Amino acid sequence: MNDRAALDLLVAHGPLTRTRIGELTGLSKPTASQLLNRLEAAGLVRTTGRVSGRPGPNAALYEIEPTAAHVAALAVGHTGISAQVADITGTVVGTSRVEAEAGAEDVRGRTAQLVAEAVDGALAEAGLGHGDLHCAVIGTPGSLDRATGELRYAPHLPGWHSRTLLGDLAEVLGTPVVIENDVNLAALAEQDEGAAQDFDDYVLTWLDRGVGAAIVLGGTLLRGATGGAGEIGYMPLPGAPLARGGSAAWAEDDAGGGFQSQVSAVAVRALAGGAPLTEALADPAVLGIVAERLATGIAAVVAVVDPELVVLSGSVAQAGGEALRAAVHEELSGLALPRPLLRISDIDGDPILTGALRTALHQARDAVFDTSRFDAAR
């Protein structure tokens with residue numbers, strides 16, 4: 001427990017002296033010294049210079065050994081796969097992207113190979129190999145059904161529906177693989193370093209080419225019996241065509257049906273005659289329509305789960321910015337009795353990749369920072 005506490009402090013604060021680690025953990029100087037010697041021998045920490053400018057001997061600074069483990073994070077979309085490789089401190093050391101239309105016939109049977117190509121590119125940039133990876137986390141639309149192992153709610157990703165997919169991916173990458181819903185990952189990113197920090201009950205509404213939500217209650221993601229909690233793109237609303245459970249029409253038409261047909265990036269651009277999102281949402285008439293539609297859908301979610309916070313994320317939210325947030329908030333105040341806070345995501349970069357990386361790091365640290373395995377080996 002002391003080892004993990006010290007390692008977590010070094011992750012959170014960066015380099016620290018033995019004295020400072022002792023102060024933060026409440027450990028005595030001899031105990032802190034023994035702890036650091038043990039972690040250094042285990043290859044988990046290293047010295048990184050000394051603190052000068054104070055009375056007495058210069059104190060050594062300790063930091064996490066970056067090469068103790070590496071992880072891969074991937075985000076899967078309609079047009080390709082993005083990958084990052086990071087060391088155990090969270091520093092990204094390699095990136096790669098493979099362009100591939102998810103529905104193309106020549107792509108459907110090459111899912112594992114495309115993932116491997118994306119990861120290989122990131123590993124090559126970092127000067128690493130498969131043997132350096134501890135785990136990989138992949139964010140995709142839809143979610144894995146825990147009972148069948150099959151990806152559901154993502155008909156537009158036909159190559160990802162094999163029941164052997166997890167095993168196939170682990171084989172080509174040479175490391176354990178986790179597949180997680182992309183919007184869930186974006187929500188975890190907001191909890192770690194974004195707009196939902198310090199909130200245990202919140203909803204992230206994803207507004208992009210696809211539309212979905214992640215629901216966090218008591219600090220835990222709500223997944224549902226088949227992983228479909230938060231699939232609000234299918235949600236029927238007045239004036240919207242029914243999605244009919246992910247039919248072929250849904251897969252082929254970006255606008256789809258249900259809530260997605262009203263507030264997706266495709267739907268918003270259509271309101272403005274095909275104009276870019278930022279230009280479309282700068283039109284007060286378009287902004288008003290989108291805000292009313294968004295508030296109607298969000299009100300349905302709020303009425304059921306009563307979150308403290310709703311975060312708007314995705315390209316539509318980023319294009320609309322504060323003007324969209326304010327308009328949705330005004331509309332929502334007349335539709336739902338609960339009054340959640342409403343914020344725009346402030347994650348830098350791709351929140352899905354950020355969430356995948358954070359999830360992979362949490363998993364790797366839980367294993368690598370468990371020094372009881374060294375005791376067991378002795």
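Author: Lys and Arg count as positive and Asp and Glu as negative, while His and the chain ends are not counted; each charge is placed at NZ of Lys, CZ of Arg, CG of Asp or CD of Glu. On that basis the protein chain has 26 positive and 46 negative charges, with mean positions 7 Å apart. This is a predicted model, in which local features need pLDDT of at least 70 and side-chain atom pairs pLDDT 80 or more, whereas totals for chains, interfaces and linings use all residues. Residues are numbered from 1 along each chain as its sequence is written, and side-chain values use heavy atoms, without hydrogens and water.

The C-alpha trace spans about 75 × 45 × 35 Å along its principal axes. Of the 378 residues, 49% are buried (under 20% relative accessible area, 1.4 Å probe, protein chains only).

Now the interior. A nonpolar core is a set of buried Ala, Val, Leu, Ile, Met, Phe, Trp, Tyr and Cys residues joined through side-chain atoms within 4.5 Å. The largest has 47 residues, and Leu7, Leu39, Val71, Tyr202, Leu204 and Phe369 have the most contacts inside it. Helix α14 (residues 351–368) supplies the largest share of this core, 8 residues; a helix here is a DSSP run of H or I, at least four residues, numbered from the N terminus. Leaving aside residues up to four places away in sequence, Leu39 touches Asp3, Ala6, Leu7, Leu44, Val45 and Thr371, where contact means heavy atoms within 4.5 Å. A second, separate core holds 38 residues, among them Val268, Leu312, Leu324 and Leu332.

Terms used: Buried < 20%, exposed > 50% of the residue type's maximum accessible area, 1.4 Å probe, protein only. Helix = DSSP H or I, 4+ residues; strand = E, 2+ residues; numbered from the N terminus.
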